[in-house]
Amino acid sequence: MTPTAPAELTPDTLEQYRRELTGYCYRMLGSGFEADDAVQETMLRAWRAADGFEGRSSVRSWLYRIATNICLDMLRGRQRRALPIDLGPASPPVEAMLGDWHPDDIWISPMADSNVLPEHGDPAEIAVARDTIRLAFVTALQHLPARQRATLILCEVLRMPAAEAAATLGTSVAAVNSALQRARATLAALPEEQRPAAVDADQAGLLAKYVDAFQRYDMDQLITLLHDDALMTMPPYAMWIRGAENVCRWMLEPSPSLCRGSILVPAGQVNGVPAWAQYKPDPAGGYMPWGLQVHEVSGGRISRLTFFLDTERIFPALGLAPHLP
């Protein structure tokens with residue numbers, strides 16, 4: 001039987017929290033697909049329990065309590081999601097080192113900004129929120145135990161007062177403050193390549209040069225756009241590469257060089273930065289999906305290059321074409 005909800009609780013009321021809840025669940029789980037599932041379950045549980053909502057907390061706090069419990073359940077006994085730099089040392093740029101295609105459930109997956117950031121609001125606040133969905137930040141969060149992760153996100157990302165966070169987590173203010181202290185210490189102790197770094201606000205000019213160089217497969221030009229110690233990852237492969245020269249050498253290896261002649265199509269903002277869908281020449285004609293490129297710029301050059309190659313799941317989720325003529 002459908003519950004009789006209080007007047008202030010309607011499907012539209014619940015729906016207005018979908019984006020921010022998706023952002024919260026994505027930071028918790030590291031997967032856009034799992035975040036969508038968690039939020040859908042949150043909405044379902046909230047509606048089923050609507051007649052028991054007594055208004056002793058805000059609707060928002062109540063929804064976060066439900067979403068937190070769902071995420072904690074999903075994380076229980078599970079390996080944390082990661083990017084390749086979390087799993088081992090860098091490899092030389094040699095195709096024989098590539099290794100096997102690993103299951104998608106061990107990797108951080110990309111997330112479109114439009115699914116988690118507000119459409120309207122203070123530009124400065126939106127910019128801060130955008131930083132907290134960047135790949136490096138979301139990946140760093142996965143190093144934290146689940147409850148510490150939830151505490152850090154609630155208090156430092158969502159700016160929830162400690163008392164409200166304690167109520168959401170079913171714990172005390174003292175426990176919240178202790179968890180925050182431990183979480184900060186863990187993040188500060190991560191190796192440099194696993195810690196988020198500041199990114200340039202204006203990336204458009206440099207990234208336009210990157211798109212031009214990549215589509216021409218001009219490695220002489222491309223190397224000038226990369227930091228000397230740039231990092232490149234290619235999930236679902238565990239291999240990763242450090243250094244601008246190594247990145248460009250890798251792209252000239254036999255199989256990577258088949259990307260010559262690729263087209264990069266704008267894919268909107270993903271994980272806080274512009275992204276491109278890469279389509280490489282299809283022997284049968286036209287262009288086939290090959291990867292989603294999500295790169296970060298700092299200090300006027302590209303510092304991190306991430307190529308998500310699981311196009312069968314990622315391209316449909318982002319509304320990208322399955323083939324180009």
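## A pair to start with

Let's begin with two charged side chains: Arg216 and Asp218 meet in a salt bridge, with 2.9 Å from N to O. Keep in mind that this is a predicted model. How exposed are the two partners? Arg216 is partly exposed, with a relative accessible area of 44%. Asp218 also falls in the partly exposed class, at 22% relative accessibility. That value sits above the cut-off, because a residue has to be under 20% to count as buried.

Why would such side chains get together at all? Side chains of opposite charge can pair when their charged atoms come close. How many salt bridges turn up in a search of the whole structure? The search finds 16.

Elsewhere, salt bridges with shared partners link Glu34, Arg78 and Arg81 into one network.

Now over to helix 2, which runs through residues 18–29. Its Arg18 makes a salt bridge with Glu15, and the closest N and O atoms are 2.5 Å apart. Arg18 is partly exposed, at a relative accessible area of 24%, while Glu15 is partly exposed at 39%.

From the first C-alpha to the last, the twelve residues of helix 2 reach 16 Å. That is close to the 16 Å expected at 1.5 Å a residue.

## A mostly covered helix

How much of helix 2 is buried? Nine of its twelve residues are, so the helix is mostly covered by the under 20% cut-off. The buried set includes Leu21, Gly23, Tyr24, Cys25, Arg27 and Leu29.

What do the buried residues of helix 2 pack against? Their neighbours are helix 3 (32–48), helix 4 (59–75), helix 5 (123–131), helix 6 (135–141) and helix 7 (146–157).

How values were computed:
Residues are numbered from 1 along each chain as its sequence is written. This is a predicted model: local features need pLDDT of at least 70, side-chain atom pairs count only at pLDDT 80 or more; totals for chains, interfaces and linings use all residues. Side-chain values use heavy atoms; hydrogens and water are left out. Helices (H or I, at least four residues) and strands (E, at least two) are DSSP runs, numbered from the N terminus. The expected span of a helix is 1.5 Å times one less than its number of residues. Buried means under 20% relative accessible area, exposed over 50%, partly exposed in between (1.4 Å probe, protein chains only). Contact means heavy atoms within 4.5 Å. A salt bridge is a side-chain nitrogen of Lys or Arg within 4 Å of a carboxyl oxygen of Asp or Glu.
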